[in-house]
Amino acid sequence: MHPHFNRIVHSLMVFIGIAQWLTGDIGMAGAAFGLSLAFDPFNPAQVWSERPGIQKLWLLVVLSATFGLLAYSIFGPGGK
């Protein structure tokens, strides 16, 4: 895919996740963050060990938010 398309879709999914988080839909926010990781906003051909630290940090933050929000939606208060 075109790198600009990946950046646009990744950014859109992150913003959707933030909006859902702010409106209280925690499970869907986690799902949106997780889907955003499918669209690597950086160079998808670059291996992990060659990526700059800031790119690694961003992807790990989004991954942590995904796992945290999904775990909270399952095990947190009111979880199903």
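Q: Which helix is threonine 66 found in?
A: Threonine 66 lies in helix H3. The model in view is a predicted one.

Q: Is threonine 66 buried or exposed?
A: Threonine 66 is buried, because its relative accessible area is 6% and buried means under 20%.

Q: What does threonine 66 touch, leaving out residues up to four places away in sequence?
A: With those residues not counted, threonine 66 touches Gly30, Phe33, Gly34 and Leu37. Of these, Gly30 and Phe33 are listed among the buried residues of helix H2, residues 26-36.

Q: Let us step back. How many helices and strands are there in the protein chain?
A: The protein chain has three helices and zero strands. Read from the N terminus, the order of its elements is α-α-α.

Q: What does the C-alpha trace span along its principal axes?
A: The C-alpha trace of the protein chain spans about 40 × 25 × 15 Å along those axes.

Q: And what share of the 80 residues is buried?
A: Buried residues account for 28% of the 80 residues in the protein chain.

Q: What about contacts between residues at least 6 apart in sequence: what share joins residues at least 24 apart?
A: Of those contacts in the protein chain, 49% join residues at least 24 apart.

Q: Back to H2. Which of its residues are buried?
A: The buried residues of H2 are Ile26, Ala29, Gly30, Ala32, Phe33 and Ser36. They sit on the same side of H2, because they cover an arc of only 160 degrees around the axis.

Q: Why do residues three or four places apart in an α-helix point the same way?
A: An α-helix has 3.6 residues a turn, so residues with that spacing point the same way.

Q: Which helices do the buried residues of H2 pack against?
A: The buried residues of H2 pack against helix H1 (3-22) and helix H3 (53-75).

Q: At what angle do H2 and H3 pack, and how far apart are their axes?
A: H2 and H3 pack at an angle of about 155 degrees, and their axes are 8 Å apart. H2 is therefore roughly antiparallel to H3. The crossing of these two helices is left-handed.

Q: Which residues make that contact?
A: H2 contributes Ile26, Gly27, Ala29, Gly30, Ala31, Phe33, Gly34 and Ser36, while H3 contributes Val62, Ala65, Thr66, Leu69, Leu70, Tyr72 and Ser73. By class, the residues of this contact of H2 with H3 are nine nonpolar, six polar and no charged.

Q: Now the other partner. How do H1 and H2 pack, in angle and axis distance?
A: The angle between H1 and H2 is about 165 degrees, with the axes 8 Å apart. That makes H1 roughly antiparallel to H2, and H1 passes H2 in a left-handed crossing.

Q: Which residues are involved there?
A: From H1 the contact takes His10, Met13, Val14, Ile16, Gly17, Ile18, Gln20 and Trp21, and from H2 it takes Ile26, Met28, Ala29, Ala32, Phe33, Leu35 and Ser36. The contact of H1 with H2 has 11 nonpolar and four polar residues, and no charged ones.

Q: One more residue: is alanine 32 buried or exposed?
A: Alanine 32, found in helix H2, is buried, with a relative accessible area of 5%.

Q: What does alanine 32 touch, again not counting residues up to four places away in sequence?
A: Alanine 32 touches Met13, Ile16, Gly17 and Gln20.

Q: How far is its C-alpha atom from that of methionine 13?
A: The C-alpha atoms of alanine 32 and methionine 13 are separated by 5.5 Å, although these residues are 19 residues apart along the chain.

Key. Residues numbered from 1 in each chain as written. Predicted model: local features only at pLDDT ≥ 70, side-chain atom pairs only at ≥ 80, totals over all residues. Heavy atoms only, no water. Buried < 20%, exposed > 50% of the residue type's maximum accessible area, 1.4 Å probe, protein only. Helix = DSSP H or I, 4+ residues; strand = E, 2+ residues; numbered from the N terminus. Arc of directions from axis to C-beta. Contact = heavy atoms within 4.5 Å. Axes fitted to C-alpha atoms, helices over the stretch in contact; angles between N-to-C directions. Parallel < 35°, antiparallel > 145°, perpendicular 65-115°, else oblique. Left-handed = near helix turned anticlockwise from the far one by under 90°. Nonpolar A, V, L, I, M, F, W, Y, C, P; charged D, E, K, R; others polar.
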